[in-house]
Every structure is written in C-alpha cells, then in structure tokens.
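Biologist: Please put the model up. I have some questions about it.

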Amino acid sequence: MFSALCLLLPLVSPFCCSALQMFPSSVLPQAYARFAGAPLKVHKITNPWRSPTGTLPALKTRGDGSMSQPSKIIIHLRKQKYNADYDLSAKEGADTMAFVSLLEEKLLPALIYTLWVDAKNYVDVTRRWYAENITFPLNFLLPNRMHNQQLERLRVVRGDPLLEPGEELEKELYQDALECMTLLSQRLGSHKFFFGDSPSSLDAYVFGHLAPLLKIKLPNAKLHHHLTSLNNLQQFCTNILVLYFPTDVREPPSRKMSVHPEGGDFDNEPHKRRNQILSALVAIGAMLGYAFLTGIISIQHVRPKGAIESSSMGEEEEEEEEGEEE
Amino acid sequence: MMHRVEGNRSLGKAAVAPSNTAVYEKSVVLNSTLPAIQSCKCSDVAHVMSRYMVLYINVRVSLANVCLRKSLHMLSTAAEPWPENATLYQPLSEEQILLSDNASSLAVQTYLRMCNLPVRVSCRANAEFMSPSGKVPFIHVGNQVVSELGPIVQFTRAKGHSLSEGLDDVQRAEMKAYMELVNNMLLTAELYIQWCDDTTATEVSRPRYSSPYSWPLNHILAYQKQWEVRRKMNAVGWGGKSLEQVYEDVSQCCQALSQRLGTQLYFFNKQPTELDALVYGHIFTIITTQLTNNELAERVQNFSNLLSFCKRIDQTYFGKPDESSASSRHSKGPSL
C-alpha cells in the first residue's frame, strides 16, 4: 500500500535533473516525506495535463485517488502514519501553525514575485527552464499562462486590481519577505532544527520556501543576498540538503552549466541526432511540396507511347532539387 | 466625490497616505474643471470621456507625488506627540458594519487603549472608500492617515509608543507569527462565512453592507464586493472549501491560540501586546455577533481560556464590568 505513493513533479529543475525541484510546492512535499521517512516514488513529467489532477506536483495513491495541494499531500502522509510532528507538544504544534501562516502571508508573495513576475528573472531564468524542458507546443503556452496566473493571484491577494509589477510593489513585497526571514532566523537561533533534534513539518515548510531562494541563481537576487547574510538560516538549509538530499548536493556545478548556455549546453542537449534528422526531413518535405505546387516537378502518368522523354525530364529536375538540398 | 475616492484608493497600501486635506485640495481642482468640460458643447461623448480620463490620470499622478512628499515629511515629523484630536474611522456601527470589519476595528481600538492613546471613533458610510488601502479601520492623526493594525502599530512605534519593547527576539518573532495566524485563518474564515456562504450573504452581509445606499447602487456595490471576496478566496485556495471545513479551520486556529495562551494572563506573560489586541478583537466580535446560525460562535466558545481572556481585556480596557452590557455595545454588529 505504501509503495503505491507516487509523487509527480514538474521536470523543470534548477539542479539539472536532480530530485529537488524549483518551487516551494514541489520541495515541500518531498522534504516532508523524507523527514517522516515515507517511501516515495518520484516521477518527473513535463506535461501538467498528464497529471491526474491537472496540476503539478501531484501525489498518486492506490486507495484514495490523487491530490495536488502540498498541504493536502502532507495531511495524507500524516494519515498514513508518516508524521514528522509526532514528538511535538501541543504548544509546539500551535507554533508550527503560526509560523506556517507567517510564511504564507509574508514570504510566499515575494517568492512568487521574484520567480514569476520580476521581468528580468522571469525572462532569463523561469521562462527559459520551462521553454527548454517542456515539449514543443506547450513550451510557448505554459510559461506565459503561468506568468499571468501568478500576477493575477498577487493582484487578488493584495486587493488591488490595477497592480502593476514595478519598483513600488517590489519594495513592499521584499520588505515583508526580509522581515519574515529575519524573524525566522531569530526564532531558529543557534538550533539545528526549529523543534528539538529532528526535523518537523515546520522545518519542511521553511526549507521548502528558502531552498529555492538559496539555490536558484537569479539575476535580481535581493532575497538571496539577505538569506545568505543570515548565517543560521543558510546553515539550516545547507544542513537539510546534506542530510536529506545527499544526491542533489553534488549537482550545483552542472546547474551552473545549464544556466550559462555558452558553456557546453549544446553538447548536453538530448536527442540531438534525432532532432537533426527530423528537421532535415521536414525541410526536404517542404521543398518537395513547394516544387509540386508550383509545377517545377510534375508526375505524369506513364503513357504507352512517348512517355520516355517526358518522364526522363522529370527525373532530371528532381535530381537537381535533391542535389541542392544536400 | 467618486473620483476623489478613486484617486485616494489608487494610492495603494502606502502606510502613510496624504492627509485628507491634501486629497481634498486636489478634488477641488478636479471639481472646478469638471463644469468646464461639461459646458463645452461637445456632442461627441467619447471625446469628453477621453479628456476626462486624461484629467483623471493627471490627478492620480499628482496625488502620487503628494503621497511621496508626505511620506518624506513623515520621517521628520515622526517624533511629534500624539494629538488630542486623533480619529478612527469605521463603517456605521449600527446598521452597516460587518463581522470582519468590526473585529479589525475593535482590535485597533483595543491596541490604542492599551497604548493609552486617546482616539475618537467616527462612523462613516463610505469609510471603506476613504481608507488609503481600501480596508477599514483607519486612523487620522495630525496630517497623516494610516490603515490596518500592522501599519498602525509601526506608526505608533515611530511616535514612541510600543507594547512589544519588553520582548526578546524569539518572542517578537512568535508574536508576529501568531498575528499572521489570526489574519490568515480567523479573518479569512470570517470573510468566507460572510460572503461565500449563500445564506449569510443573502440575509446578512449584502443588505447590511449596502444599507446606506439607494437602489440601484446598493445591489451593484454589494455584488461587486462579494465578487471581489470570492476571487480572493479562490486565490488563497479557500474557494473549494466547504462551510464545515472552514469551521474546522476556525477550531484549529482557536485550539492553537488556546494552547499558546495556556493559563497566562496575556500571550506574553503579564504585559499586553498587539497580539492580545488582535485576538481579543476577533474572538470577542465572533462570540458577541449573531449571524444566521450560531455555529461559528459555538466553535469558539469551546475554548474557555480564550473566553476568560476576552472578559479580562474587556473589563480592563473598556471598563464595563459585566459582559452583557459590553456585548450589547458591540453586538450591534451583523444581527438580524
């Protein structure tokens, strides 16, 4: 039963095909599952429409169908007795709720802004990841659709329908986010985890929101700079990465390669040969089609008499065409 | 008048907006130029409209400049003492104000009383449209307008009045986190019950919200507000929740607050903080407000330490010894 849990994640990753994904919604369920020791099969898929719920990430279970909101995934794991909060007292449970609210209200809007709305970050990083990793027709549609959805979400949450991305909005959102990070840092103090010696769901939430900020190299990286200035929070994230995501820590060098395409990205491109053959075939098809339509090549039915001359003419022309293409 | 209001709202959530007088001056400019536009015998309505739009945009730009200058000005005048004539604006307390607004307003009043800062409460039918952030309540102090509890707390701190000075860093972080918990859960649940539960919206919220306005404006404004809140609920992921799930969330939130409070006098020992004001504002309003059914109040009443906490603050800061008279004062909220 438990092995049937299967987490579907978007195959868009700052770590270049590592298990750790880009967005809080993706990091969070994974971190929680690893903290709680739940066996989880992670599948990466590029098309959100192939997910049973239509969005990513999604958790597929054998008995209870599938779910996609991180909080629902965590509740489901808890019901399966994979509870990372088993040792917490009631007061610590209350603190968890409070700090999760703090993260959602103060840090998440800034995170959405910096990944999806900030023009430089969106064009240079987020949209490129999607464009490179999603299959052909969707890679033009999905990033823009998600960009608009996230901007709309910010507008609605802030209650201002005329909200435009700009310095004023950025200043307000970042001010909240910086304050939130400072508060978290103060709460964490010199401890290894927020409560006791083992990670709980609050650690998963905090890690889920901070790891993307720490690990993604963005052109506009104010939040990243503030996070690196808070030593204990940075140490907290690094610790969890080393302890619970050991396979991903080795990845950063290759990630840098993927961010800068000049440095050998071309060689790593998958299906290179296939794509070359396909494009050559398409080009030949288009040229032949054009030749047929304009009458440069014409196929004539073989007639019993006098067919040899005209058909040999046609063949000559076709050979010329082929020669040009090569 | 509508345009002054619009211009004012467009300033966004700036913590310190231009004072009413500054906005008023701009509106005078607008109003004096309006007849000029109307008097020109221009049969082309579209042309008038386009000129009107240009004028409107100009006013918005100049208002933004005023706002900037004022916020710069604020830095230098932050240390000015609290004036006697500070005013808090909220919707009409008898027939208009809704549960969530009443809770927020009570929280701000309690906070100011805890700080010992006098404030006069003024009820206006268009308080929501006067507020710089579009949310009530807001206070008008000297030549500054500040809305919502968070910015008001910052504003009073700049003036040298603070309740959370005695806390250490960890406690301050926890206090901020619990305040977000109340905003994230209780306030959102109140809004959900008011506007997304069809019975409550039809019988209580829409009639009360639109009571000062005549037909057809009352229907337009009420449905506009309802549509706005529902979009917000969808954006924060509450759109798909059922009423029962929302009640369950309220219970969980109160459970967390109750655990945190324990047997203490206030959330952080003997000293009240802005968190106490916020929790009191919401819990007290919920238990003293009659909605279409008592489910919400009953959920909260399960937590006896929160109830005695409310009673204690009510007696200390509002000086009414028995709760029945106090509740009659506040429960003029959304009752039928």
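Biologist: What is the relative accessible area of A:Glu152?

Modeller: A:Glu152 counts as partly exposed. Buried means under 20% relative accessible area, exposed over 50%, and partly exposed in between (1.4 Å probe, protein chains only). For A:Glu152 the value is 33%.

Biologist: What ground rules apply to this model?

Modeller: Residues are numbered from 1 along each chain as its sequence is written, and chains are lettered from A and ligands numbered from 1 in the order written. Side-chain values use heavy atoms, without hydrogens and water, and this is a predicted model, where totals for chains, interfaces and linings use all residues, side-chain atom pairs need pLDDT 80 or more, and local features need pLDDT of at least 70.

Biologist: Which residue forms a salt bridge with A:Arg155?

Modeller: A salt bridge needs a side-chain nitrogen of Lys or Arg within 4 Å of a carboxyl oxygen of Asp or Glu. A:Arg155 is buried, at 16% relative accessibility. The closest N and O atoms are 3.7 Å apart, and the partner is A:Glu152.

Biologist: How many residues apart in sequence are the parts that B:Arg299 and B:Glu248 tie together?

Modeller: B:Arg299 and B:Glu248 form a salt bridge, with N and O 3.4 Å apart. B:Arg299 lies in helix 12 and B:Glu248 in helix 10 of chain B, so the pair joins parts separated in sequence by 51 residues.

Biologist: Which three residues supply 21% of the area that chain A buries against chain B?

Modeller: Buried area is the accessible area (1.4 Å probe) that two parts lose on being put together, summed over both. Between chain A and chain B this is about 2300 Å². More than any other three, the residues supplying 21% of chain A's part are A:Met97, A:Val156 and A:Gln186.

Biologist: How many salt bridges are there between chain A and chain B?

Modeller: One joins A:Arg187 and B:Glu174, at 3.3 Å from N to O. These two also belong to a network of salt bridges with A:Asp95 and B:Arg260. Between the two chains the count is five.

Biologist: Which element of chain A gives the most to the side that touches chain B?

Modeller: Helices (H or I, at least four residues) and strands (E, at least two) are DSSP runs, numbered from the N terminus. Across the interface there are five salt bridges. Helix 3, helix 5 and helix 6 of chain A each give two or more residues to that side. With twelve residues, the element giving the most is helix 3 of chain A.
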